[in-house]
Amino acid sequence: MKKIYLASSWRNSIQQKYVKLLREAGFEVYDFKHPTNTEMLGFHWEDVDKKFREWSVKDYQQGLTHSVSELGFKRDLDAMLWADVCVLLLPCGRSAHAEAGWMKGAGKRVFVVMEHLEEPELMYKLFDGVCSGIEELLEMLKE
């Protein structure tokens with residue numbers, strides 16, 4: 001059984017659907033929204049500081065060392081180390097792309113899933129495949 005790190009965005013409306021479908025297909029899936037498979041929610045900057053949107057760069061640097069940030073980072077990094085495969089589920093932002101790049105650099109397979117093409121990205125050629133949906137992803141994961 002492959003272990004999957006599903007990298008995406010909190011704002012991605014299909015992220016939970018992919019967690020469910022991949023688990024139904026027999027994969028173990030890390031869900032950053034519920035990292036311990038409980039009702040506990042994953043990392044939020046609001047838990048570090050309610051006014052994080054008003055931060056300066058110096059405030060951000062300090063926020064990265066906060067105990068909540070450290071715990072959230074450790075949980076996600078441990079899951080990245082645990083996983084065999086990364087699925088980069090678009091649309092998503094900087095963190096998910098950093099996670100996918102780290103995992104590819106660590107020698108793990110990375111697949112990009114985009115149900116709708118928003119903008120072509122040449123550097124996705126670094127990864128192991130670009131999929132148009134769950135069916136194509138499941139086929140690529142079999143290989």
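**Overall fold, cores and a helix pair**

In the protein chain, 57% of the contacts between residues at least 6 apart in sequence join residues at least 24 apart. The model behind these values is a predicted one. Its chain holds five helices and five strands, and read from the N terminus the elements go β-α-β-α-α-β-α-β-β-α. As for overall dimensions, the C-alpha atoms fill a box of roughly 45 × 35 × 30 Å along the principal axes. The radius of gyration is 16 Å, which agrees with a compact globule, because a globule of 143 residues would come out near 15 Å. Of those 143 residues, 41% are buried.

Next comes the inside of the protein. The largest nonpolar core has 19 residues, and Tyr5 and Leu88 are the ones that touch the most other members. H4 gives the most, with three residues. Apart from this core lies another one, made of 18 residues, including Ile4, Val29, Ile134 and Leu137.

Tyr5 is worth a look of its own. Setting aside neighbours within four places in sequence, Tyr5 is in contact with Tyr30, Asp76, Ala79, Met80, Ala83, Val85, Cys86, Val87, Glu99 and Met103. Some of these partners turn up again where two helices meet: Asp76 and Met80 sit on the H3 side of the contact between H3 and H4, while Glu99 and Met103 sit on the H4 side.

Two packed helices are described by the angle between their axes and the distance between the axes. For H3 and H4, the axes come within 10 Å and cross at roughly 40°, and the crossing is right-handed. On one side of the contact are Asp76, Leu77, Met80 and Leu81 from H3, and facing them are Glu99, Trp102 and Met103 from H4. Sorted by type, the residues of this contact come out as five nonpolar, no polar and two charged.

The loop between E3 and H4 is where Pro91 is found. Most residues other than glycine have a negative phi, and most peptide bonds are trans. The bond joining Leu90 and Pro91, however, is cis, with omega about 0°.

That leaves the two ends of the chain. Beyond its neighbours within four places in sequence, Lys2 is in contact with Phe27, Glu28, Asp84, Val85, Arg109, Leu141, Lys142 and Glu143. Val85 is also one of the contacts of Tyr5. Between Lys2 and Ala79 there are 77 residues of separation in sequence and 13 Å in space, C-alpha to C-alpha.

Lys142, one of the contacts of Lys2, belongs to helix H5 (residues 134-142). Lys142 has a relative accessible area of 65%, so it is exposed. With Met123 the separation is 19 residues in sequence and 24 Å in space, again from C-alpha to C-alpha.

Key:
Residues are numbered from 1 along each chain as its sequence is written. This is a predicted model: local features need pLDDT of at least 70, side-chain atom pairs count only at pLDDT 80 or more; totals for chains, interfaces and linings use all residues. Side-chain values use heavy atoms; hydrogens and water are left out. A nonpolar core is a set of buried Ala, Val, Leu, Ile, Met, Phe, Trp, Tyr and Cys residues joined through side-chain atoms within 4.5 Å. Buried means under 20% relative accessible area, exposed over 50%, partly exposed in between (1.4 Å probe, protein chains only). Helices (H or I, at least four residues) and strands (E, at least two) are DSSP runs, numbered from the N terminus. Contact means heavy atoms within 4.5 Å. Axes are lines fitted to C-alpha atoms, for helices over the stretch in contact, and angles run from 0 to 180 degrees between N-to-C directions. A crossing is left-handed if the near helix is turned anticlockwise from the far one by less than a right angle, and right-handed if clockwise. Ala, Val, Leu, Ile, Met, Phe, Trp, Tyr, Cys and Pro count as nonpolar, Asp, Glu, Lys and Arg as charged, and the others, Gly among them, as polar. The radius of gyration is taken over C-alpha atoms; the globule rule is 2.2 Å times the number of residues to the power 0.38.
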